[in-house]
Amino acid sequence: MDPAPVIKSERAPTGRTRAIVIGPYSSERSGWSITPRSGSPTPPRTRAQDARLAEAHGLAEAIDLDVVATKNVLLREIHPGSFLGKGKVVEIADLASAEEAELVIMDCALSPVQQRNLEKAFSAKVIDRTGLILEIFGRRARTREGSLQVELAHLAYQKSRLVRSWTHLERQRGGFGFLGGPGETQIETDRRLIQERMSRIEHELDGVKRTRGLHRKSRRTVPYPIVALVGYTNAGKSTLFNRLTQADVLAENMLFATLDPTLRGVTLPHGGEMILSDTVGFISDLPTMLVSAFRATLEEVLEADVILHVRDIAHEDAEAQLADVESILTDLGVDPSDDRRLMEVWNKADLLDEDRLAATRNGARRRPANAAPIIVSALTGQGIDELGAAIEARLAIGRIVFDIALDPVNGQGLNWLYENTEVMRKSTAADGAVHLTVRVAPERAEPVRRRFFPAAVERA
């Protein structure tokens with residue numbers, strides 16, 4: 001078998017960190033990845049190795065690294081000491097030396113020992129996929145909560161990678177004077193300090209979680225439904241968010257361009273209101289510690305009345321990305337196969353040629369009516385009106401609609417309706433009577449019936 005080609009980037013000196021990206025993937029079957037602990041391949045995916053390597057390249061560029069070369073490395077087995085075989089280690093070391101690389105990114109999960117051994121062999125810093133994603137999250141976090149969540153995840157990762165490298169400090173002395181016995185090793189001291197910092201962050205995050213919980217509780221008292229955007233990173237969620245809300249949230253062709261959640265009010269086609277929530281993008285092999293750290297943020301999804309799964313339908317790995325997002329949603333407690341709140345939005349239709357767009361539309365039409373995706377282009381606005389109507393129809397399911405006639409002097413009742421129901425229509429008759437069409441969740445219907453009987457007529 002011919003060795004995998006090295007893809008080099010011809011660039012002028014930039015002053016940025018020079019990096020090479022290595023994709024160590026299983027040679028058993030295209031698209032499989034290898035589980036480091038067991039050495040056995042994971043269940044097959046449709047994700048192509050070239051696409052996976054391109055994604056790793058994109059992750060590296062998302063933190064402004066100067067990627068000077070990328071290389072696929074096909075493996076038959078995992079070597080416990082260095083992940084790669086000796087020949088591959090030498091081959092990559094030569095590449096790193098030739099390219100004067102300061103950083104080698106391994107698109108896999110490395111153990112602490114494997115990372116240390118590879119750094120010695122390459123004479124360069126080595127990070128794995130988890131470390132790279134943590135670095136991106138660390139740079140993207142803008143809010144206090146986001147920074148704390150990333151720091152907690154990073155400390156958990158760092159704690160597991162402390163290895164014995166303090167040759168100048170065997171033990172620190174404990175106690176005082178001549179009575180002090182052997183103290184902590186340097187590693188133990190580091191672990192203790194990290195654990196203390198983690199405990200402080202967790203305490204701070206508990207306060208943040210309580211505050212976020214109060215915010216969610218206050219939003220539940222508002223009659224407006226909540227719609228959450230989820231999807232693979234760079235699927236176009238922020239662009240769609242901007243299109244629907246007329247906001248200007250950062251939206252770039254970059255993995256994890258936005259990280260902190262954002263909420264805005266949106267007026268639906270028939271005048272109804274909703275709250276739209278943009279969440280952090282998902283990615284394959286998202287570190288478990290990040291899912292855990294960002295659980296408080298992602299719980300916004302659990303509270304949503306409708307969940308829009310935004311997909312980059314033009315991407316070659318759209319189906320594999322679908323599986324990754326559904327896996328993370330399942331971890332959060334959302335069952336993609338049985339959750340009626342989920343709607344798929346097939347984005348980036350503008351990138352499809354006529355034949356692929358026609359095939360995509362045919363595929364959408366073959367779906368059951370209650371699971372039919374909406375095809376849009378958040379960039380051009382194509383399909384946005386249809387999406388708004390579909391959201392409105394989905395929100396109407398299970399909600400109760402009342403037609404209410406109020407005396408012109410009943411300003412208190414009018415104010416109550418605006419505060420406790422979703423006012424869809426309002427008109428004033430010739431005699432001054434105010435006619436409203438309002439919508440409420442079933443659990444809020446009884447107060448409307450009691451307060452406005454017999455003026456409130458419930459629609460069938």
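These exercises walk through the structure above, each with a worked solution.

The model is predicted, so local features need pLDDT of at least 70 and side-chain atom pairs count only at pLDDT 80 or more, while totals for chains, interfaces and linings use all residues. Residues are numbered from 1 along each chain as its sequence is written, and side-chain values use heavy atoms, with hydrogens and water left out.

**Exercise 1. The overall picture**

Task: State how many helices and strands the protein has, and what share of its residues is buried.

Solution: 
- Step 1. The protein has 14 helices and 15 strands. These are DSSP runs, numbered from the N terminus: helices are H or I with at least four residues, strands are E with at least two.
- Step 2. Of the 460 residues, 49% are buried. Buried means under 20% relative accessible area, exposed means over 50%, and partly exposed lies in between (1.4 Å probe, protein chains only).
- Step 3. Take the contacts between residues at least 6 apart in sequence: 69% of them join residues at least 24 apart. Contact means heavy atoms within 4.5 Å.

**Exercise 2. Helix 4 against helix 5**

Task: Work out how helix 4 and helix 5 pack, and list the residues that make the contact.

Solution: 
- Step 1. Find helix 4 at residues 129-140 and helix 5 at residues 144-159. Their axes are 9 Å apart, at an angle of about 155°. Axes are lines fitted to C-alpha atoms, for helices over the stretch in contact, and angles run from 0 to 180 degrees between N-to-C directions.
- Step 2. Helix 4 is therefore roughly antiparallel to helix 5. The cut-offs are under 35 degrees for roughly parallel, over 145 for roughly antiparallel, 65 to 115 for roughly perpendicular, and oblique for the rest.
- Step 3. The crossing of helix 4 past helix 5 is left-handed. That is, the near helix is turned anticlockwise from the far one by less than a right angle; clockwise would be right-handed.
- Step 4. Helix 4 contributes Thr-130, Gly-131, Leu-134, Phe-137 and Gly-138 to the contact. Helix 5 contributes Val-150, Ala-153, His-154 and Tyr-157.
- Step 5. Sorted by class, these residues are five nonpolar, four polar and no charged. Ala, Val, Leu, Ile, Met, Phe, Trp, Tyr, Cys and Pro count as nonpolar, Asp, Glu, Lys and Arg as charged, and the others, Gly among them, as polar.
- Step 6. Look at His-154 in helix 5. His-154 is partly exposed, at 32% relative accessible area. His-154 and Leu-134 are 20 residues apart in sequence, and their C-alpha atoms are 6.4 Å apart.

**Exercise 3. Helix 1 against helix 4**

Task: Describe the packing of helix 1 with helix 4, and sort the contact residues by class.

Solution: 
- Step 1. Helix 1 covers residues 49-62. Helix 1 packs on helix 4 at about 40°, with axes 9 Å apart.
- Step 2. Helix 1 passes helix 4 in a left-handed crossing.
- Step 3. From helix 1 come Arg-52, Glu-55, Ala-56, Leu-59, Ala-60 and Ala-62. From helix 4 come Arg-129, Leu-132, Ile-133, Ile-136 and Arg-140.
- Step 4. The classes are seven nonpolar, no polar and four charged.

**Exercise 4. Met-289**

Solution: 
- Step 1. Met-289 is partly exposed, at 25% relative accessibility.
- Step 2. Met-289 and Leu-134 are 155 residues apart in sequence but 9.6 Å apart in space, C-alpha to C-alpha.

**Exercise 5. Backbone exceptions**

Task: Locate Ser-123, Asn-234 and Pro-454, and describe the backbone there.

Solution: 
- Step 1. Most residues other than glycine have a negative phi, and most peptide bonds are trans.
- Step 2. Ser-123 has a positive phi of about 55°. Ser-123 is in the loop between helix 3 (112-122) and strand 5 (125-128), and is exposed at 66% relative accessibility.
- Step 3. Asn-234 has a positive phi of about 70°. Asn-234 is in the loop between strand 6 (226-231) and helix 7 (237-245), and is partly exposed at 22%.
- Step 4. The peptide bond from Phe-453 to Pro-454 is cis, with omega near 0°. Pro-454 is in the loop between helix 14 (445-452) and strand 15 (456-458).
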